[in-house]
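Please look over the sequence and the model before reading on.

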Amino acid sequence: MGKDGSPKHYIQFDSKRNRLTWILGVSGLCILSYVLGAWRNTPSPNSQSEIYSKVDCNSGSTSSGMASSAVQSSTNLDFESHHQIEINNSGGTKEFPPCDMSYSEYTPCQDRDRGRRFDRNMLKYRERHCPSKEEELYCLIPAPPKYKPPFKWPQSRDFAWYDNIPHKELSIEKAVQNWIQVEGDRFRFPGGGTMFPRGADAYIDDINELIPLTTGTIRTAIDTGCGVASWGAYLLRREIIAMSFAPRDTHEAQVQFALERGVPAMIGVMASQRIPYPARAFDMAHCSRCLIPWEKYDGMYLIEVDRVLRPGGYWILSGPPIRWKKYWTGWERTQEDLKQEQDAIEEVAKRICWKKVIEKDDLAIWQKPKNHMGCLQTKQIYKTPHICQSDNADRAWYQDMEKCITPLPEVSSPDQVAGGALEKWPKRAFAVPPRISSGSIPNINEEKFQKDNELWRERIVHYKHLVPLNRGKYRNVMDMNAYLGGFAAALTKYPVWVMNVVPSNSDHDTLGAIYERGFIGTYQDWCEGFSTYPRTYDLIHADNVFAIYQDRCNITNILLEMDRILRPEGTAIFRETVELLVKIKTITDAMRWKSNIMDHESGPFNPEKILVAEKTYWTAEAKEKQI
């Protein structure tokens, strides 16, 4: 008992209660102090407009036209360290200097000086030959002194600024053929060509009378030796997209002219290696006086066209030797020589199981069979070329051409399309590609395809708030890691075309499925330069590209390559983790780009972030004239 007569356990209870009350009181005071401090240090907005400014809703647009909505929808994120002792950053990333003006049209893997070191047989010297480590440039490719933004599509189809591509050679050399004309400060493209003096539009109408171009059955085409790509330019109005390619040769800058017009094109050549496209990619192939020796090397070049042509696809030939009886004097060749060449082409076409559809006026058209059931019978008559035994017909990155017929997937009836029939365009864009429905691509099924489509629909809605997709600023778009082509599919309602790139070292070779959707693209190793001229793309999309390549090559080289091919005031969108984006931003800052890191479209808790960057406008300095 206590001295006052109360039990001891009551005294202990009061003591504990007093301690608990003291602890709660002190905790409450701490919380109240924190709340008051936070309130005192947060200035209250004076107006509703100031509330909006806190989340960047009314931020101004950049000087070169990046959409103001880029900062309206996403708060720019700052990942710089602020709680540190100030450190001298003079040893950090320095600004890249401009290259000499002589590099203004530098194409690293198609450099003519380097190409001269290689074998001229079969035009091997015009194939890709990339620089060694010692030859790599660490400077920024300059635009010509008076460079200006290209004309907007569709005006760009017919006009380009002379100062952007200051070459008059084609306008002189091809004056009679009406390829290109100089009119004051600009070029005009009349739509002419070597074999279509009435213009590409009329020439395509002639083709349409022979095979169906406007029914949606033909969507993808390839133009070998394309000139300034007028054939591809005028196919676009018929909802056909052509991959035009030509070598970097004596016809200076023809691919550059094509891309300046807003028409898909690449530097490329029929030489000793496969062209960088998958098997069964194109619905139609075209050669208009392309000067490719189809009958030589046991028909290997025609066999390569067969590889990339879809079952039932067409090959169109105009120019020598077609209609040689009329043109032989103008071609400065003998009748015997031209007849022999045409006979040889006809023979190769039979041996690879093609059927001649028609020869009318200046055009000859062949068709590849829907399947190889009949071809197996043909092989009993024509023993060569034999059907290949190789396991991957899609492999086309630094892969030698073969003198054998690429086998088609097996069918159960003569009327069945090998590999699966396709929907007509535009349904084809969102239909499940046969390569996916058949299970030909490991670990990719219809469910993943549909989810990818939905994902990119949502992302493009988000991108509309970041960049001006619908204002005509962008025409030539590149997706550096295209996967299933969902990005391109979500952009079909905009006036753009997309070069879908599938990395050559990708875990999944999906480029064939992208072509089955009615889009175009190519294989590429991003440790090397892309087969295009400088300043040829308006928007570059890089989705997890650097996660793939950060351990394979220097990401600085990839970013410098992006700078080379992006137009002044062009835009790049990166999607990576924060750590990678901070590295990328450090380098792009040194490349004179303006950029902001933003949250993922799903919110701030997603570890993936978005970097939107704009290449600033600058040009080489004009040289003063010597007096």
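## Basis

This is a predicted model, in which local features need pLDDT of at least 70 and side-chain atom pairs count only at pLDDT 80 or more, while totals for chains, interfaces and linings use all residues. Residues are numbered from 1 along each chain as its sequence is written, and side-chain values use heavy atoms, without hydrogens or water.

## The open sheet

Seven strands make up an open, mixed sheet, in the order 7-6-5-8-9-11-10. Helices (H or I, at least four residues) and strands (E, at least two) are DSSP runs, numbered from the N terminus. Two strands pair if DSSP finds at least two bridges between them. Strand 7 (265-267) and strand 10 (355-360) are the edges, each pairing on one side only. From one strand to the next, the twist averages 20°. Axes are lines fitted to C-alpha atoms, for helices over the stretch in contact, and angles run from 0 to 180 degrees between N-to-C directions.

Strand 10 pairs with strand 11 (residues 363-367) in the antiparallel sense, over five bridges. Isoleucine 358 has isoleucine 365 of strand 11 as its bridge partner. Helix 11 (residues 335-351) packs on this sheet. The helix touches strand 9 (309-318), strand 10 and strand 11, and its direction makes about 150° with that of strand 10. Contact means heavy atoms within 4.5 Å.

## Cavities

The whole structure holds three cavities of 30 Å³ or more. A cavity is a set of points on a 1 Å grid, over the protein atoms alone, where a 1.4 Å probe fits but cannot get out; lining residues have an atom within 4 Å of a point. Volume is the space filled by probe spheres set on the points.

The largest cavity has a volume of about 270 Å³. Of its 21 lining residues, Arg128, Gly268, Arg274, Ile275 and Pro276 are the closest to the centre. Strand 14 (520-524) and strand 7 each give two or more residues to this lining. Strand 14 gives the most, with three. The second largest cavity holds about 40 Å³. Its lining includes Arg274, Glu304 and Cys388.

## A covered strand

How many residues of strand 16 (residues 566-577) are buried? Ten of its twelve are (buried: under 20% relative accessible area, 1.4 Å probe, protein chains only).

Strand 16 pairs with strand 15 (residues 537-543) in the parallel sense over six bridges. Seven bridges join strand 16 to strand 18 (residues 608-615), and these two run antiparallel. Isoleucine 573 has valine 612 of strand 18 as its bridge partner.

Note on methods. On a 1 Å grid over the protein atoms alone, a cavity is a set of points where a 1.4 Å probe fits but cannot get out, and a pocket is an open set with protein on both sides within 12 Å along at least five of seven lines; lining residues have an atom within 4 Å of a point. Buried means under 20% relative accessible area, exposed over 50%, partly exposed in between (1.4 Å probe, protein chains only).
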